[in-house]
Amino acid sequence: MSARLNRDDFDKYMVPCFSPAPFIPVKASGSRVWDQQGKEYVDMAGGIAVNALGHANPHLGEALKAQIDRLWHIGNGYTNEPVLELAKTLVERTFADKVFFCNSGAEANEAALKLARKYASDRHGKGKSEIIAFQNAFHGRTLFTVTVGGQPKYSADYAPLPADIIHLPYNDLKAVSEQISERTCAIIVEPIIGEGGVRPADPAFLQGLRQLCDRYQATLIFDEVQTGAGRTGSLYAYQQYGVEPDTLTSAKGLGGGFPIGAMLTRNAWADAFQPGTHGTTFGGNPLAATVANSVLAQLDNALLQGVAERHRWIAARLGALGEKYGVFSDIRGAGLLIGAELSSTWRGKAKTLTNLAAEEGVIALIAGPDVLRFAPALNIPFGDLEEAFVRLERAIARLTR
Ligand SMILES: *Cc1c(COP(=O)(O)O)cnc(C)c1O
């Protein structure tokens, strides 16, 4: 590949709100990635839980190519066949009655939060507007969603912020029961906190939130942008917890690498959005919907069972590495969303470790400064996992040497 463009061009031409790796990926297939110099990496990050079926998945590619010759965009004065099929499939495979499509996780959460406010105001008038969210949660980067997210460092500089948003400690049902009232409009929660450290909810916590929302007529929103689309071994994580939300948001893996977001909800809530109350130009476009249809068609029981198998394999290998090198104090998560918390000696070194890992030829993620995070393709071959762990061990050996 021509080195006409290089990493310095990022600093020269792009707004510096990211700090990308020194190498530039140019090609990928399955769970392997190649950079400009032809160096090969095993991908244990999956584009941050997005490339759910691996890179250049032939089924997704064929579906997209066929649709490219048919219809790209028509605008929301018309509906289209791929989006109708996608909505039908999501309704049939979940708690939901209706779906709204957009282009990202933030937009899906923005829609969910706006819907909850409007639903409450339609039914109960003004004053029922308080949103309960959780510390360390991540819900996106629009002004509303970043304010609802539980990391003030991401929102503080954008004040004045949307009002009536409360942050409580995660997995602390008592704190929620003390805060919730007739004024509460919604609770929004990630079934497993992703960006904020890969922290699974206690089943009793989600059950308790469900009961409190029922008692106070508040909307229960599950943000499954990261945990959805098969990531935890069921189509959505709530299906393993056995607790149904009123609204659920999905994005990331749903498009397998093509941008799409979705907000799933029940009829009573859906009715609060009438023509003109909310919208989007690109949401539900035929290209994105076509790819998502192909993703969902591949997320069958066999594939989901494979996710559980891979989870056990990775957790065992991480456990063994943790013992051998004394690097991990906790290994947690579900399916192929796995966090390994660094032990006290190596606290703060997650980024250093992923940099070393990339040098050794394996791409991994962090979830905060102390947690190594893995979110590979749901179909990553065991041979690739084996190679990833050989390389990861070399990185850990270098860190701890
Ligand atoms: C990534 C993420 C978002 C934001 O999604 P974008 O597509 O980046 O807007 C929201 N919620 C959770 C839980 C996420 O992991």
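My entries follow, in the order I looked things up.

**Ground rules.** I am working with a predicted model, where local features need pLDDT of at least 70, side-chain atom pairs count only at pLDDT 80 or more, and totals for chains, interfaces and linings use all residues. I number residues from 1 along each chain as its sequence is written, and side-chain values use heavy atoms, with hydrogens and water left out.

**The ligand.** Which residues surround the ligand? I found Ser104, Gly105, Ala106, Asn109, Phe138, His139, Gly140, Glu190, Asp223, Val225, Gln226 and Lys252. Helix α5 (residues 105-124) gives the most to the shell, three residues. Helices (H or I, at least four residues) and strands (E, at least two) are DSSP runs, numbered from the N terminus.

Next I checked the N and O atoms around the ligand's oxygens. A backbone N or O atom of Gly105 lies 2.8 Å from a ligand oxygen, and one of Ala106 lies 2.7 Å from a ligand oxygen. From the side chain of Gln226, an N or O atom is 2.7 Å from an oxygen of the ligand. The protein covers 82% of the 380 Å² of accessible area that the ligand has on its own (Shrake-Rupley method, 1.4 Å probe).

**The seven-stranded sheet.** What is the strand order in the open sheet of seven strands? I read β4-β12-β11-β10-β7-β5-β6, with mixed pairing; two strands pair if DSSP finds at least two bridges between them. β4 (98-102) and β6 (165-168) are the edge strands, each with a single partner, so one side of each has no neighbour in the sheet. The twist averages 20° from one strand to the next.

Inside this sheet, I followed β7 (residues 184-189) and β10 (residues 219-223), which run parallel and are joined by four bridges. Ala186 has Thr219 of β10 as its bridge partner. Helix α8 (residues 203-216) lies across β5 (130-134), β7 and β10, at about 165° to β7. I take axes as lines fitted to C-alpha atoms, for helices over the stretch in contact (heavy atoms within 4.5 Å), with angles from 0 to 180 degrees between N-to-C directions.

**The four-stranded sheet.** Another open sheet has the order β1-β2-β3-β15, again with mixed pairing. Its edges are β1 (25-29) and β15 (362-363); each has a single partner strand, so one side of each lacks a neighbour. Three bridges join the antiparallel β2 (residues 32-35) and β3 (residues 40-43), and Arg32 has Val42 of β3 as its bridge partner. Helix α14 (residues 382-400) lies across β2, β3 and β15, at about 110° to β3.

Most residues other than glycine have a negative phi, and most peptide bonds are trans. I noted that a cis peptide bond joins Ala159 and Pro160, with omega about 5°. Pro160 lies in the loop between α6 (143-148) and β6. Ala56 has a positive phi, near 50°, and lies in the loop between α2 (46-49) and α3 (58-68).

Terms used
A residue is near a molecule or strand if one of its heavy atoms lies within 4 Å of it. A polar contact is a pair of N or O atoms within 3.5 Å; within protein, one must be able to donate a hydrogen and the other to accept it, and residues adjacent in sequence count only if both atoms are side-chain atoms.
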